[in-house]
Structure formats: structure tokens, C-alpha cells
Amino acid sequence: MAAITLKDIVKQYGDGFLAVKGVSLDIADGEFVILVGPSGCGKSTLLRMIVGLEDITAGELTIGGTRVNDKAPRDRKLAMVFQNYALYPHLTVFENIAFPLRLQKGKFTEAQITEKVEFAAKTLELQDHLQRKPANLSGGQRQRVAMGRAIVREAEAFLFDEPLSNLDAKLRGQMRTEIARMQRRLGTTTVYVTHDQTEAMTLGDRVAVLRKGELQQVASPRGLYEQPVNLFVAGFIGSPPMNFLPGEVNGATMKLPFADVPISADLASKLGDKKLVIVGIRPEHFEDVNLLEESKVASGVTFDAPVDVSEWLGSELYAYIPFDTNPDVATTLEELDRDLDGEGLRTQLIVTLGSETKVRDGDDANLWFDPARMMVFDPETGENLTWDAEAAKSIDQENEADRKASLERAQAREKSRA
Ligand SMILES: Nc1ncnc2c1ncn2[C@@H]1O[C@H](COP(=O)(O)OP(=O)(O)OP(=O)(O)O)[C@@H](O)[C@H]1O
Ligand SMILES: [Mg+2]
């Protein structure tokens, strides 16, 4: 197992296209790192450079402290699981998993091969299927066979490129927990590419967000969610996405489309002399005033807003509230929306309310939010003006401590099983 270090990695394709523009990333031994970003941002390119399927144009890649830029894929000792895993249909599950070992002719005895395949099969709960053929397996079982191949190679690291995107929603969920469990158990360094929100937020110790070949932020899932460095990360992480509203600074108040919000001294210092900003509020930070304890109402801002459409989902309700945006920030938001592969529906507020709410289509809802939770962005640069370096650091430290503890627990459990 090994640490992977990327230093100023650049990829320029043969046709001149600059797909990765100087990415630096330290991946610790045993760490699970997620690469996310919209389609075409360079995720697969980066992964393929790590594994050695694509040349590195500039920069340095080290695995376990050794520079590997010029090493052939097989010498990097990494195992990659693709979106379209290719199993050999005529071979049994056992032989499919054993395949990479048999490729290294004469290196392993039959007994060693059996031992390794059985270990992988146990880890992936495939023991009962070893003599079956891939065609007779479910999608999730086939996926596990592909992962079994990665395990038997005893690779320094696992690299996954959207391994679950061909599976249906239920299976994805199952395989997601399966992969998390396997990674904890084996403690193998893992880099995992996805554009699925849930996978990004639940699987990784840290998440690296890419945009057009550039790294935007690397942080724990909670770090990205609570302290995004810019509009792009703020808009990319979270579902439904963060609401972005024009905010006009008017003396000691911030004028939002639905409400005037008092500007605290702390916020005022961050705003400087800006007159127009983009305010971000997460859907779940709104409440229905009628469901709120009276003592809490006074601590925030209340306003009435016309609900266009509501969606009741059982556990919660989404209410959609259209508004007119300020033309000066509209361009920034439209551009952001394109970058995020959005649907161009940014001029509506989405609020998530408790499912007990009585708010329905066509109502004027009486809503509440806590202005302390607003994020404020510079409309020109997209920078999060309310980003708190201290808070961001302590979230990531907590996350790191949690990660270590859970890795130790998983490995202790593994020892007691053995
Ligand atoms: N062989 C190639 N030659 C030239 N450009 C390429 C080549 N392969 C990929 N690209 C370009 O590099 C950029 C990054 O591609 P990449 O496949 O890494 O994106 P991605 O983030 O994995 O996207 P997706 O989520 O759609 O898989 C894209 O704009 C793509 O068009
Ligand atoms: Mg890709």
C-alpha cells in the first residue's frame, strides 16, 4: 500500500487540448479520495495518468515515494476498476478473479492462487458463486468479480472510474456500502471518480472538486459542504443545490428578493465596499414558520413568498418559489449554471421543509431562515467572502481523526474475525 502524490500535473492531448491544468494533490497511504466534477472536467484523464494509461505532459507523479512518470502501468502496481468492467464470459468467477495472477506465468503456485482468490471471494461475499459464469450473475455480483480481480493483485492502490454508473439505483446503494466496507477492511489507498453526489459525500475521506482541469478545493465532505471556497463548489455540492440570490448592500441591510437582512459587523467587514453580491442559502436552512418554536422565530428573518410548485417526498417537502434576479448577477449565475451542467432553473428558490408542513402549490408560505448561515460570494470572482479558514481547518481535523479511528476499528474487527 502506498501514498500517491501529484505535483503540478498537466495533460495536453495530441490535438492540443489542455485537459488537466496543473493539479497537485497528496493522497495519504490508506486514504480514500474522491474526484468529482462535471462531465469533461478531466477526472478520467487524471486517473488514467495515475495508472499509466495516459502520458503525463508535465509535473511529477510519485507512488510510495518513487517517481513513476515513466514507469509502465504494470510496474506501478495499481489496480483499476472501470465503468465497463470486462469479464471473460467463458471463464468461471474463480478463473475471472484468478486471471491477473495467471497472467504472471509461473509466479504463483496453484495453492497460492486458490488462497488469494478465496480471500477475495470472502471479502466480497462471492464464495457461493465461484464456479458460476458471469452471464448468470446479477449486475452487482459481476461488479464484485471485477473488484475481486483488483484485490488479488495486492495492488498498492485501487483506482475506480465511475464503477457503479451502469447499475440501477438500488444496486448502486448496496455496492456503495460494499466498496466502503471493503476499503476500510483492506486499508488500501483508493482514488474514486464519480459525478454522483451521494457517492462523493459518503464514500470518501476527502473529496477533490475539479472544474475544467483545475482543482477547486480538496476537503472532507463536510468541509466542502459547510465551507466551500467558491460559488462553483458551493453549487456543485449539495442536493437540491444551494440557492443563489442577488444581494444588494444598502447601508446596514442586505436586500434579498424576498427579505431585508440586517448586516452584522462581522459580515460588513467581509463585504468591504461591495454593493452587489451573490448570497447562497441552502434549501434545508429554511423553515416553515408555522412549524418553528416561537423562541426560535425571533432569532432569524421571516418573510412571505408565493409557492409555485411543491413536491412532497414523504420525509420532506420541496417548495419552489420563482423570483426575478438582478441583471448584473444574472450573467454570473447563468455561466455558473452552464459549468455545473445545470438545467438553467436558477431563478427560483428551492426550500426544503419538514413533511408536516401545510404549504402547498399556490400558497403564500411564511418562511424563516437564520442569516448567520448565509454565504456571500463575490459576483466577479466567485470567491466565498464568508469562508472561514479556522472553521474549515477544524472540520478537516475532526474528519481526519474520525477516519483514523474508523480504520483502526475496521482492522481490529478484521483481526478478530481471522
Ligand atoms: N484522446 C483525447 N484527445 C483530446 N481530448 C481529449 C481526449 N480524451 C479526452 N479529451 C478531452 O479532455 C477533457 C477531459 O476528459 P475526461 O474524459 O478526463 O473527462 P471526465 O471528467 O472524465 O468526464 P466524464 O464525467 O464525462 O467522464 C474533455 O474535454 C475531453 O474532450
Ligand atoms: Mg470520465
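A salt bridge is a side-chain nitrogen of Lys or Arg within 4 Å of a carboxyl oxygen of Asp or Glu. Keep that cut-off at hand for these exercises on a predicted model.

**Exercise 1.** Find out what kind of contact Glu54 forms with Lys11, and where in the chain the two residues lie.

*Solution.* 
Step 1: The closest N and O atoms of Glu54 and Lys11 are 3.6 Å apart. The cut-off is 4 Å, so the pair counts as a salt bridge.
Step 2: Now place the partners. Glu54 sits in the loop between helix 1 (43–51) and strand 4 (58–63), while Lys11 belongs to strand 1 (residues 4–12). They are 43 residues apart, and the pair links distant parts of the chain.
Step 3: Check the surroundings. Buried means under 20% relative accessible area. Glu54, at 19%, counts as buried, and Lys11, at 6%, is buried too.

**Exercise 2.** Say where Arg222 and Glu226 lie, and whether each is buried, partly exposed or exposed.

*Solution.* 
Step 1: Both residues lie in helix 8 (residues 221–226), 4 residues apart, which is about one turn of the helix.
Step 2: Arg222 has a relative accessible area of 37% and is partly exposed. Glu226, with 35%, is partly exposed as well.

**Exercise 3.** Classify the ring pair of Phe258 and Phe323 as stacked, tilted or edge-to-face.

*Solution.* 
Step 1: A pair of aromatic rings is described by the distance of the centres and the angle of the planes.
Step 2: For Phe258 and Phe323, the centres are 5.9 Å apart and the planes meet at 80 degrees, so the pair is edge-to-face.
Step 3: Phe258 lies in the loop between strand 12 (253–255) and strand 13 (260–262), and Phe323 in the loop between strand 18 (316–322) and helix 12 (327–339), so the pair ties together parts 65 residues apart in sequence.
Step 4: Both residues are buried. Ring pairs also link them with Phe286, Phe303 and Phe369 into a cluster.

Notes: Residues numbered from 1 in each chain as written. Chains lettered and ligands numbered in written order. Predicted model: local features only at pLDDT ≥ 70, side-chain atom pairs only at ≥ 80, totals over all residues. Heavy atoms only, no water. Phe/Tyr/Trp six-rings, centres within 6.5 Å; stacked < 30°, edge-to-face > 60°. Buried < 20%, exposed > 50% of the residue type's maximum accessible area, 1.4 Å probe, protein only.
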